[in-house]
Amino acid sequence: MKALTKADVRKGNSTASGERTSARLFRALLDHGREAVLLLERDGKVVYAGSPSERIIGYDLRTAERIGIADLAHPDEADALVQQVNALLDSPSASTTLLFRARHRDGTYVWVEAAVTNLLDDPDVSAVVCTFRDVNEARLQEEERLRILDQLERERARFEAVLQQMPAGVGIAEAPSGRIVLGSKKLEHIFRFPTPELDSVESYAQYQGFHPDGSPYQPEHWPIARALQTGEVVTNEEIEVVRGDGTHGRVRINAAPIRDASGEIVASVAVIDDVTEYRLAESALRVSEKRYRTFLAQSSEGIWRLELREPVPTSLPVDEQIDLFYRHGVMAECNLVMAQMYGYEDPSEMAGILLGDMLDRSAESNVEYLRRFVRSGYRMLDDESIEHDRFGSPKIFLNNCVGIVENGCIVQAWGSQRDITERKQAEMALRVSEERYALAARGANDGLWDWNLETNEVYYSPRWKQMIGYGEVDLANTPNEWFVRVFDEDRAKLDEAIARHLEDGSPHFECEYRLRHQDGSVRWMLARGLAVRDAGGVAYRMAGSQTEVTERRQAEAMLVQRAYYDALTQLPNRDLFLERLWRAVERAKRKRDYRFAILFLDLDRFKVINDSLGHQAGDRLIASIASRLRTCVRESDTLARLGGDEFGLLMEIEDVSDALNVSERLHDVFRKPFTIDASDVFTSASIGIAVNSAHHETPDALLKEADIAMYRAKAEGKAGHVLYDATLHDHVTRLLRYETDLRRAIDRHEFFVEYQPMVELSTGRVIGFEALLRWQHPTLGVIQPKDFIPVAEETNLIFPIDRWVLNEACEQLRKWRAMFRLDPRFAMSVNFSSKQFSQGDLVETVGQILHDTKADGAQLKLEITENVLMEDAGSAARLLSQLKALGTSILIDDFGTGYSSLGYLHQFPIDALKIDRSFISRLDAGGKEIEIVRAILALADGLEMDVIAEGIETLDHVRVLQGLRCRYGQGYYYSRPVTPADAELLLRSD
């Protein structure tokens with residue numbers, strides 16, 4: 001049968017009846033096949049179309065006039081299709097397969113696959129033969145399959161990321177082998193495998209737990225295997241294991257099987273906690289409790305613990321506190337010795353007795369005893385009290401007691417007491433006996449003296465003279481030989497004691513004083529004596545002894561030093577500070593015009609320094625700071641170390657300005673670095689100031705006000721001082737609310753990020769954005785970072801917040817990179833809190849976020865402040881280098897406002913400096929600011945760093961900076977911080 005030609009098709013004629021029959025048969029095959037056949041002329045136009053084309057694309061191509069195959073294609077694919085067809089036309093007998101979207105009659109597009117053959121040179125055909133079929137459903141199914149696979153991969157990555165962040169060890173074991181095919185880093189830490197990489201799962205696969213004797217657990221004893229083999233759900237099962245490093249440990253396992261749709265067990269999941277330390281602590285607690293009970297039972301003193309059914313605020317007046325002690329104080333426990341002191345046979349008989357039932361509140365001695373306890377700051381040593389037992393018999397007790405204060409309230413008191421009734425009675429009898437015997441013994445104790453008051457002559461025994469370095473004949477028998485050697489500070493006290501006894505104002509003479517030794521040293525002496533009187537009671541003679549008590553006084557001084565002075569700084573400690581503060585408060589009550597102030601000083605970032613340099617270096621820094629602070633105060637002031645990195649200063653003032661001036665002098669102490677272990681260390685201090693007033697009944701109120709003011713100083717940027725006023729209380733209340741609400745803000749999605757563009761000053765082209773955190777509070781509206789970031793840093797909530805901001809910024813960076821053709825210099829800038837640099841996993845966190853968001857590290861800039869560099873230069877340099885290794889850039893934010901040494905700047909891998917807005921805002925006024933900016937630009941140029949000017953607000957700012965050859969900047973002149981959608985408008989218009 002002769003093949004149809006183009007002419008035959010156009011004209012629709014045939015040359016013979018057989019040919020017509022063949023043509024009809026051929027046309028029937030073409031019209032009823034699954035594939036549509038097209039014949040194309042050399043210009044690509046359709047000259048014949050089989051009827052299946054109407055089924056595939058919705059209309060009959062035979063009715064179309066001069067339509068080409070390219071006219072059927074989707075606009076995005078038409079040009080490429082034309083190129084492929086034209087290439088085919090240049091190659092006789094060539095064939096190709098085309099996959100494209102063809103336009104359907106209903107306006108949609110369907111995927112078709114076309115097989116095209118060039119038969120233009122075949123005289124029997126003289127056309128391009130194209131057969132195409134509908135592959136739309138298969139194509140859509142393939143796209144759906146790929147989409148599902150991509151979604152599964154993202155879910156798997158998200159699951160693995162969550163797994164690695166879980167606080168417990170998690171492992172997934174496959175059936176039936178029991179291999180742990182996926183485990184968290186915490187699991188590796190618990191079992192201490194030699195390989196720290198999580199990818200090395202072989203370690204987990206080989207490990208099934210071992211008895212302490214080294215033999216492996218059998219599957220029925222290994223919870224993960226039991227969950228696989230039997231389907232058992234294992235709950236809180238503890239076993240002992242030998243870990244990868246050979247040490248023994250104890251773990252608690254929860255395991256459960258994982259089943260497929262048919263119910264068959266395919267894996268098991270186990271959550272494993274290391275309870276080794278917990279069990280050790282539990283054991284130690286039992287031992288401690290046993291020791292405590294043994295101590296109670298074996299102690300020779302009475303031991304007691306008093307609980308207050310309702311806490312007593314320490315800020316209340318003293319007498320109100322005492323009244324509450326009587327009403328709410330309950331004996332919680334005591335030992336047998338204590339019970340017997342009060343006439344009970346068993347300690348349980350005293351349990352639950354009210355303090356008001358034990359101590360007669362009508363007795364002033366009992367009230368005074370409690371008053372001394374409160375005024376001592378709830379810490380009383382060797383205090384005597386007179387009480388009565390249950391039968392009414394008087395008792396004299398020697399007491400030691402301490403109060404437990406929580407949240408400004410006393411909640412418990414512990415103490416011991418000794419029954420000294422018999423001893424005191426014996427002492428009283430002995431004292432009477434000594435006084436009776438004193439005159440007869442004539443001061444037989446050490447050096448003796450005998451003073452004839454009528455002749456004013458004094459006999460000094462040889463021992464008396466020897467005690468101060470003189471021979472038997474070296475001193476005259478005059479009172480002057482004695483008194484001239486007494487220290488001037490002690491002379492009045494000695495004269496008064498002698499006169500009081502001679503005037504019959506005291507039963508005997510006794511006085512301690514200092515005498516000058518012949519060798520120039522000083523000796524403490526205790527002189528005792530008795531006067532002999534005539535019938536009229538007039539003293540005519542007095543004799544006594546002199547005992548050297550230098551060693552005792554030195555021992556007492558040492559005890560006082562240890563009890564009231566800080567061992568590290570030799571400054572008064574908290575107890576002595578509070579005692580002197582009590583005196584100041586009491587004096588102010590008596591003398592209304594007496595004014596004083598307390599300054600509460602807390603070091604800034606001391607924990608970072610202590611953690612990075614070590615506690616010994618931290619102690620040396622504290623001692624150096626104390627030495628400098630001494631130079632700023634008067635002898636009459638009390639400078640004390642209150643604990644840790646806190647100092648207190650109590651000072652008399654005439655005006656509030658006195659306290660403010662001293663605060664300035666204290667800040668000057670920190671302007672120069674401290675040299676610790678051959679390294680320069682910078683720090684600063686925040687100072688809170690409180691001034692006394694009529695409403696201050698106790699020191700606690702003043703201390704609380706100074707503490708509030710100090711925290712306000714920290715919140716305002718540290719290295720400053722704040723004077724307390726009533727508005728600060730409202731501020732503290734607001735901060736507490738911020739802290740509470742911050743803990744919920746992330747979970748409630750209350751944070752959002754705005755983006756401020758950074759531009760090239762010469763062109764105005766956007767070359768990046770700075771990500772800026774905002775808080776949409778549900779009731780307070782939008783809160784700026786300066787108001788809540790200090791709270792977040794103080795409570796360590798800054799860590800999850802910073803990670804959230806970095807993740808948001810990187811995710812946005814990835815989206816914009818996919819949407820726009822960005823400038824090669826384009827980068828996202830993110831601020832980092834200085835506290836982040838104290839975390840050991842900072843580099844891993846940044847790397848993980850870059851990996852999860854698929855953001856390019858080369859387009860990420862991390863902004864830090866200067867103080868990060870100077871707190872520990874060595875650690876900062878290493879950490880910055882590790883961050884640089886991720887491809888990121890490092891910027892110093894607010895440059896020029898910190899205290900970094902320019903000599904150190906070149907040691908850090910810094911890419912750019914951001915000039916603080918305080919310099920830029922005054923550029924158009926002229927003055928020294930322009931020279932500062934010029935110097936920063938020159939410095940950056942020499943160190944091969946870029947410079948970005950912050951706070952550009954006017955055209956004049958732009959012109960000045962362009963004149964100084966500053967390349968980059970940001971500020972309201974170009975744009976305020978905007979939403980992501982508005983940022984995209986800026987990128988489209990750029």
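Guide: Residues are numbered from 1 along each chain as its sequence is written. Local features need pLDDT of at least 70, side-chain atom pairs count only at pLDDT 80 or more, totals for chains, interfaces and linings use all residues, and side-chain values use heavy atoms, without hydrogens and water.

Visitor: What is the average pLDDT of the chain?
Guide: The average is 82, and 88% of the residues score at least 70. pLDDT is the predictor's confidence in each residue, from 0 to 100. Over residues 1–7 the pLDDT is below 50. That stretch has 18 contacts beyond near neighbours in sequence; contact means heavy atoms within 4.5 Å. Residues 9–16 are also below 50. Where pLDDT is low, the predicted coordinates should not be read in detail.

Visitor: Why is helix 20 called roughly perpendicular to helix 24?
Guide: The axes of helix 20 (residues 574–590) and helix 24 (residues 699–715) cross at roughly 110° and come within 9 Å. Angles of 65 to 115 degrees count as roughly perpendicular, under 35 as roughly parallel, over 145 as roughly antiparallel and the rest as oblique. Therefore helix 20 is roughly perpendicular to helix 24. Axes are lines fitted to C-alpha atoms over the stretch in contact, with angles from 0 to 180 degrees between N-to-C directions. Helices (H or I, at least four residues) and strands (E, at least two) are DSSP runs, numbered from the N terminus.

Visitor: Which residues of helix 20 and helix 24 make the contact?
Guide: Helix 20 gives Phe577, Leu578, Leu581, Trp582 and Val585; helix 24 gives Pro699, Leu702 and Leu703.

Visitor: What makes the pair of phenylalanine 751 and tryptophan 804 tilted?
Guide: The centres are 6.1 Å apart, with 45° between the planes. Rings of Phe, Tyr and Trp (its six-membered ring) pair if their centres lie within 6.5 Å; planes under 30 degrees apart count as stacked, over 60 as edge-to-face and the rest as tilted. So 45° makes the pair tilted. Phenylalanine 751 is in strand 28 and tryptophan 804 in helix 27, 53 residues apart.

Visitor: Is phenylalanine 751 buried or exposed?
Guide: Buried, because its relative accessibility is 7%. Buried means under 20% relative accessible area, exposed over 50%, partly exposed in between (1.4 Å probe, protein chains only). Tryptophan 804, at 24%, is therefore partly exposed.

Visitor: Why is lysine 854 called exposed?
Guide: Its relative accessible area is 59%, so lysine 854 is exposed. Its phi is positive, about 60°, although it is not a glycine.

Visitor: Why does glutamine 570 count as partly exposed?
Guide: Because its relative accessibility is 44%. Glutamine 570 has a phi near 65°.
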